Amino acid sequence: MAITTATPAAPSPSAGTAAPRLWTSLDSPLGELLLVGVESATAPGGTALVSLSLPGQKGAATVQEGWRHEPAAFTEIAAQLAAYFDGRLMRFAVEYADEGTDFQRRVWRAVDAVPHGTTTTYGEIARRIGASGAAVRAVGTAIGRNPLLVVRPCHRIVGADGGLRGYAAGLERKEHLLVLEGAPVS
């Protein structure tokens, strides 16, 4: 498990070990969020985020047996989410655990680099990671498997014509996030 912040960081010394999952839920303008994390000595607030899911999201996390309900473990993350939804935060400082494939992690790092209030295309993400134009569909699939909606800004990725394309939690939520950020929406 590589631990990463909103700006790429070095792998955690505990990489590769399965830490027990913590979880909580939070109200948001998008509905009730499910946050899943692991304890981390280096994370602000002591919790590295594993997943942030929205209601009705395709591929959303579900609470599993053995997970601990620990709302206090997510105090820092919850504060940042509240500031983001209030329009006071433009970049998350959240440590998170990337558990995807090498290709997915490359795509997700490129998504992380898309600035607040802007959009880019799936094709541009493919170009940024050095993938061929034929890899745009694979890039879209990797973006669709992003376990960290809102925090990892896959909502900022649009079609080549600027139109909204897939979002695991629904296009209306993608549009809501882009409008919140003041990004162009077509």
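1. Leu 33 in S3 is the bridge partner of Leu 26. The structure discussed here is a predicted model. The two strands concerned are S2, residues 22–26, and S3, and they pair in the antiparallel sense over five bridges. Together S2 and S3 form a hairpin, with six residues between them. Within the turn of this hairpin, Gly 31 has a positive phi of about 115 degrees.

2. S3 also pairs with strand S4, which spans residues 47–53. The sense is antiparallel, and the pairing of S3 with S4 extends over six bridges. In this pairing Gly 37 stands opposite Leu 49 of S4. As to burial, S3 (residues 33–39) is mostly covered, with six of its seven residues buried.

3. Helix H1 may be considered next. The buried residues of H1 are Ile 77, Gln 80, Leu 81, Ala 83, Tyr 84 and Phe 85. The elements that cover them include the strands S2, S3 and S4 as well as helix H5. In general, an α-helix has 3.6 residues a turn, so residues three or four places apart point the same way. After H1 comes Gly 87, which has a positive phi near 80 degrees.

4. Ala 73 is located in the loop between strand S5 (68–69) and helix H1 (75–85). Its relative accessibility is 17%, and Ala 73 therefore counts as buried, the cut-off being under 20%. Apart from neighbours within four places in sequence, Ala 73 is in contact with Leu 22, Gly 45 and Thr 47.

5. How do helices H2 and H4 cross, and at what angle? The axes of H2 (residues 102–112) and H4 (residues 136–144) come within 9 Å and cross at roughly 80 degrees. The two helices are therefore roughly perpendicular to each other, because angles of 65 to 115 degrees are placed in that class. On the H2 side the contact involves Phe 103, Gln 104, Val 107, Trp 108 and Val 111, and these meet Ala 138, Val 139, Ala 142 and Ile 143 in H4. Sorted by class, the contact of H2 with H4 has eight nonpolar residues, one polar residue and no charged residues.

6. In H2 the residues Gln 104, Val 107, Trp 108, Ala 110, Val 111 and Asp 112 are buried. H4 is one of the elements covering them. Strand S6 (96–98), helix H3 (122–128) and strand S8 (157–158) are also included in that cover.

7. The loop between H4 and S8 contains Asn 146. With 2% relative accessibility, Asn 146 counts as buried. Leaving out neighbours within four places in sequence, the contacts of Asn 146 are Gln 57, Trp 108, Arg 152 and Cys 154.

8. Val 150 is placed in the loop between H4 and S8. Its relative accessibility is 1%, and Val 150 counts as buried. The backbone of Val 150 deserves a check by eye: phi is near 75 degrees, a positive value in a residue other than glycine.

9. Which residues surround Glu 181, beyond its neighbours within four places in sequence? Glu 181 belongs to helix H5 (residues 171–181) and is in contact with Tyr 84, His 116, Gly 117, His 155 and Arg 156. One of these, Tyr 84, is a buried residue of H1. With His 155 there is a polar contact between the two side chains, at 2.8 Å. Glu 181 counts as buried, at 7% relative accessibility. The C-alpha atoms of Glu 181 and Gly 163 are separated by 16 Å, and the two residues are 18 apart along the chain.

Methods. Residues are numbered from 1 along each chain as its sequence is written. This is a predicted model: local features need pLDDT of at least 70, side-chain atom pairs count only at pLDDT 80 or more; totals for chains, interfaces and linings use all residues. Side-chain values use heavy atoms; hydrogens and water are left out. Axes are lines fitted to C-alpha atoms, for helices over the stretch in contact, and angles run from 0 to 180 degrees between N-to-C directions. Helices (H or I, at least four residues) and strands (E, at least two) are DSSP runs, numbered from the N terminus. Angles under 35 degrees count as roughly parallel, over 145 as roughly antiparallel, 65 to 115 as roughly perpendicular and the rest as oblique. Contact means heavy atoms within 4.5 Å. Ala, Val, Leu, Ile, Met, Phe, Trp, Tyr, Cys and Pro count as nonpolar, Asp, Glu, Lys and Arg as charged, and the others, Gly among them, as polar. Buried means under 20% relative accessible area, exposed over 50%, partly exposed in between (1.4 Å probe, protein chains only). Two strands pair if DSSP finds at least two bridges between them. A polar contact is a pair of N or O atoms within 3.5 Å; within protein, one must be able to donate a hydrogen and the other to accept it, and residues adjacent in sequence count only if both atoms are side-chain atoms.
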